[in-house]
Protein chains: 2
Amino acid sequence: MTTKPPRRVTLQDVAKHAGVSRATASLIVRNSPKVADSTREKVLQSMEELGYVYDRVAANLRSQSSMTIGTIITDVGNTFFAQLLLGVHQELEKHGYTVLLGTTYDSLKDQNRLISTMLENRVGGLLLCPVSESSSETVDRIKQLNIPIVLGIRELSGLACDYVGLDYKTGAYTAVTHLLGKGHKRVAFIGGIFESTTWTERMIGYRIAHEEAGIEIDDKLIIDSEPTREGGLKVIQQVMNHDNPPTAIFCFSDLIAFGAIIGLRKMGYTPGEDIDIVGFDNIPEAEISYPPLTTVSSFAQVTGTKAAKLLHKRIKEPGREIQRIIIEPELVKRESS
Amino acid sequence: MTTKPPRRVTLQDVAKHAGVSRATASLIVRNSPKVADSTREKVLQSMEELGYVYDRVAANLRSQSSMTIGTIITDVGNTFFAQLLLGVHQELEKHGYTVLLGTTYDSLKDQNRLISTMLENRVGGLLLCPVSESSSETVDRIKQLNIPIVLGIRELSGLACDYVGLDYKTGAYTAVTHLLGKGHKRVAFIGGIFESTTWTERMIGYRIAHEEAGIEIDDKLIIDSEPTREGGLKVIQQVMNHDNPPTAIFCFSDLIAFGAIIGLRKMGYTPGEDIDIVGFDNIPEAEISYPPLTTVSSFAQVTGTKAAKLLHKRIKEPGREIQRIIIEPELVKRESS
DNA sequence: CTGAAAGCGCTTACAG
DNA sequence: CTGAAAGCGCTTACAG
């Protein structure tokens with residue numbers, strides 16, 4: 001049944017075949033310039049003939065290095081994170097890293113498990129989009145082991161750590177100011193999770209916009225939910241059943257906005273005409289939705305790219321100063337408001 | 001500057017601290033039942049105290065095994081693949097694998113490079129969605145090294161290899177029959193790349209549907225393109241400028257359909273009223289697009305799950321028969337036709 | 001359960 | 001450039 005698989009071809013085999021020492025062969029796989037071209041040719045030829053495959057794992061073990069990067073995000077099925085991952089991936093590949101992927105679905109337990117797995121796999125660095133309930137202990141563990149880490153999207157308070165994220169406050173401020181500027185007096189803020197900093201920050205922007213416009217906030221127009229389309233669908237119905245319903249909606253994310261749009265239609269409203277809406281993220285779907293969604297762009301892919309660049313720098317230069325990169329959001333006006 | 005990082009805590013250290021042999025400690029990290037509970041407790045306690053992190057890489061090197069799986073897809077930014085990856089990822093995690101991610105953007109060169117990287121990283125198995133120009137040699141290389149592989153989405157002709165894909169022919173047949181059944185005589189087939197089997201299969205379904213309905217095909221209504229929204233936008237304009245334009249459009253994918261919808265509006269048509277449209281894939285965006293897209297569901301996530309299951313089986317039982325899993329698509333009727 | 005030894009495939013350091 | 005040796009952190013096999 002099991003014809004024993006042929007033994008793996010080793011660098012030793014290649015060296016013998018090419019008539020050189022193992023040390024020389026090792027120099028060649030590592031692209032060292034200290035080898036005569038003629039020797040190099042001969043050895044490469046032998047590798048070809050024998051079907052040699054470099055064993056990066058063994059090499060990393062010996063040299064105590066690693067070219068794999070752990071990337072932990074919330075959900076690949078969420079376009080926002082898919083775009084972010086895209087940015088991370090493209091940037092890291094440029095530098096020859098390969099990425100080990102993990103998804104938490106915002107569960108702390110999963111996050112801890114994933115971090116352990118990544119560490120056990122000797123990642124050379126970690127890119128973490130922390131779950132909402134993360135405490136700084138999560139990351140302390142990693143820092144103690146001296147492995148380079150950068151945080152994305154969500155910052156952990158009181159933690160000296162590289163970070164790439166968005167200016168959520170300004171994003172929310174811009175969105176809400178846009179709605180107030182259209183004459184709305186009752187602007188709801190729906191979706192997202194109260195406890196998370198990404199929600200709190202938006203809330204601050206929402207508040208400042210109201211203060212500047214001299215409009216009172218009705219706390220009943222602020223309802224949180226799971227950060228999904230289903231969450232948006234549920235919460236829009238709650239808020240519209242208010243005695244004195246809002247005339248415009250600021251949504252925590254585009255996903256929430258899509259749920260809200262579906263909900264509004266169900267209730268007989270025409271989103272974008274009866275009720276103005278603005279989303280957050282500007283995921284690709286926002287452009288083709290009906291009505292096309294006015295939203296705050298959070299540049300997911302760029303965020304990913306910058307986070308990857310930062311991690312690369314941190315790996316190359318562990319002693320460098322902690323850096324925080326805050327991306328400025330932009331309002332993209334379309335037809336929903 | 002560089003305070004030398006503290007030496008990694010090894011199993012040896014743990015054993016010494018707990019007063020047991022290294023062999024015993026090794027049994028414990030591997031969850032062997034052959035250890036007395038009291039000993040286990042003592043050792044786990046020591047690990048905790050010392051901050052021990054299991055080195056899976058070293059373990060795999062010694063035991064010649066691997067718990068990482070390479071997954072190579074075309075594009076994470078494309079929701080179809082993101083959904084597929086989601087399925088793969090969830091299933092593999094269940095069995096304790098971690099996934100190494102690669103994206104080809106349909107470039108053969110990138111695919112070859114990625115495969116090399118995966119092999120060098122000693123993956124325990126490979127899940128490959130081959131680029132359109134793949135030849136069977138690509139995969140032969142992997143099979144020779146005896147590493148388990150399963151193909152997804154696109155099958156390579158003349159290759160004995162596990163495969164999970166869709167019945168594209170039936171999918172196209174169902175879609176086109178739906179349009180012909182609504183009385184259309186001129187149904188275009190736009191987008192996708194001629195050379196790829198995923199296109200050819202759809203073409204067969206398109207043809208059979210026409211034959212059964214007794215309607216002649218006008219070859220000028222068949223135009224290919226890049227499989228992107230931009231591709232769809234370009235090609236819809238070409239086909240609508242025909243002397244005798246189509247009254248309905250069968251699109252290679254939802255992405256193409258979204259491009260087509262935008263293009264039709266630009267030209268003054270009302271998609272779903274003047275011109276009927278059906279897409280392919282049923283990505284999440286299809287539901288919220290305007291008009292909501294009638295499309296053929298290709299169950300991306302399920303495909304991913306099945307492919308992952310198949311790979312797991314292949315790894316556990318290398319001698320088992322080659323298996324092909326063909327998923328039956330379903331027409332999802334919405335408002336675009 | 002222990003203890004000592006060998007080995008996975010590589011890199012490193014060193015004398016020539 | 002070569003050659004012989006040691007070591008990365010683990011598992012394996014074996015005698016006790």
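## The surface near DNA strand C

By class, 12 nonpolar, six polar and seven charged residues make up the surface near DNA strand C in this predicted model.

The largest share comes from α4(A), with five residues.

## The surface near DNA strand D

DNA strand D is surrounded by 25 residues. Here the closest are T24(A), V35(A), A36(A), R62(A) and S26(B). Two or more residues each come from α2 (22-29) and α4 (56-63) of chain A, and from α2 (22-29) and α4 (56-63) of chain B.

The largest share, five residues, belongs to α4(B). Sorted by class, the surface near DNA strand D holds 12 nonpolar, six polar and seven charged residues.

## Where the chains meet

Chain A also touches chain B. The contact takes in 39 residues of chain A and 39 residues of chain B. On the chain A side, α4, α5 (79-94), β2 (98-103), α6 (108-120) and α12 (285-288) each supply at least two residues. Helix α5(A) gives the most, with six residues. By class, this side of chain A has 19 nonpolar, 15 polar and five charged residues.

β2(A) is joined to β2 (residues 98-103) of chain B by three bridges. The two strands run antiparallel. Within this pairing, L101(A) stands opposite V99(B) in β2(B).

## How the two copies are related

Two copies of a chain are related by a rotation about an axis and a shift along it.

Why do the copies meet through the same surface? Because 100% of the interface residues of chain A are also interface residues in chain B.

## The domains of chain A

Chain A is divided into three parts: domain 1 (11-54), domain 2 (67-166 + 300-327) and domain 3 (168-297). Domain 2 is written as two segments, 67-166 and 300-327. How many Å separate the centres of domain 1 and domain 3 of chain A? Taken over C-alpha atoms, the separation is 62 Å.

How values were computed
Residues are numbered from 1 along each chain as its sequence is written. Chains are lettered from A and ligands numbered from 1 in the order in which they are written. This is a predicted model: local features need pLDDT of at least 70, side-chain atom pairs count only at pLDDT 80 or more; totals for chains, interfaces and linings use all residues. A residue is near a molecule or strand if its C-beta atom, placed from the backbone, lies within 6 Å of it. Helices (H or I, at least four residues) and strands (E, at least two) are DSSP runs, numbered from the N terminus. Ala, Val, Leu, Ile, Met, Phe, Trp, Tyr, Cys and Pro count as nonpolar, Asp, Glu, Lys and Arg as charged, and the others, Gly among them, as polar. Two residues are in contact if their C-beta atoms, placed from the backbone, lie within 7 Å. Two strands pair if DSSP finds at least two bridges between them. Domain bounds come from an automatic or database domain assignment.
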